[in-house]
Amino acid sequence: MKAYIHKVNYYETDKMGITHHSNYVRWMEEARIDFLDQLGWSFIKLEEEGIASPVMSIECNYKKPTTFPDLVSIMVTIEKLSAVKLTFNYEFKVNDELVFTGKSSHCFLDEKGAPVILEKRYPKFYEDLKNIQASYGA
């Protein structure tokens, strides 16, 4: 999988010229959407299949500030995949220097908002996630 690249916009910075902390969560979502696109499971496709994957928790670790117009390389990996929960890891780098790490955990719901066992209800999506996770050890 390729890293997602985000160019820090001027409006994303605060009065001190540093990227406001809230933007990192947005960038996590941008990178996660890109990750799923690369996997062949765009948000549009997931919604058409009736899959919702709301955020259950977010963890953010700020290492170094970013500023306008830094190019932030965001690598997304799967930390944990179970039948009902998916946890992503995020590594943000600027010029190969680690500036942020994070995690987001998600559950799976059907179109009525009921919990879904992904492996049973959407086996192809589960298999694709499992295969990309297994590729990290290769």
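How many nonpolar, polar and charged residues does the lining of the largest cavity have? The lining has six nonpolar, two polar and one charged residues, where Ala, Val, Leu, Ile, Met, Phe, Trp, Tyr, Cys and Pro count as nonpolar, Asp, Glu, Lys and Arg as charged, and the others, Gly among them, as polar.

The model is predicted, with local features needing pLDDT of at least 70 and side-chain atom pairs counting only at pLDDT 80 or more, while totals for chains, interfaces and linings use all residues. Residues are numbered from 1 along each chain as its sequence is written, and side-chain values use heavy atoms, leaving out hydrogens and water.

Searching the whole structure turns up two cavities of 30 Å³ or more. A cavity is a set of points, on a 1 Å grid over the protein atoms alone, where a 1.4 Å probe fits but cannot get out, and lining residues have an atom within 4 Å of a point; a volume is the space filled by probe spheres set on the points, which are joined across faces, edges and corners.

The largest cavity holds about 60 Å³ of space, and its lining includes Arg32, Phe43 and Phe88. Two or more of the lining residues come from each of helix 1 (22-39), helix 2 (43-49) and strand 4; helices (H or I, at least four residues) and strands (E, at least two) are DSSP runs, numbered from the N terminus.

The second largest cavity has about 30 Å³. Helix 1 gives the largest share of its lining, four residues, and among the lining residues are Tyr4, Asp34 and Ile74.

Methods
On a 1 Å grid over the protein atoms alone, a cavity is a set of points where a 1.4 Å probe fits but cannot get out, and a pocket is an open set with protein on both sides within 12 Å along at least five of seven lines; lining residues have an atom within 4 Å of a point.
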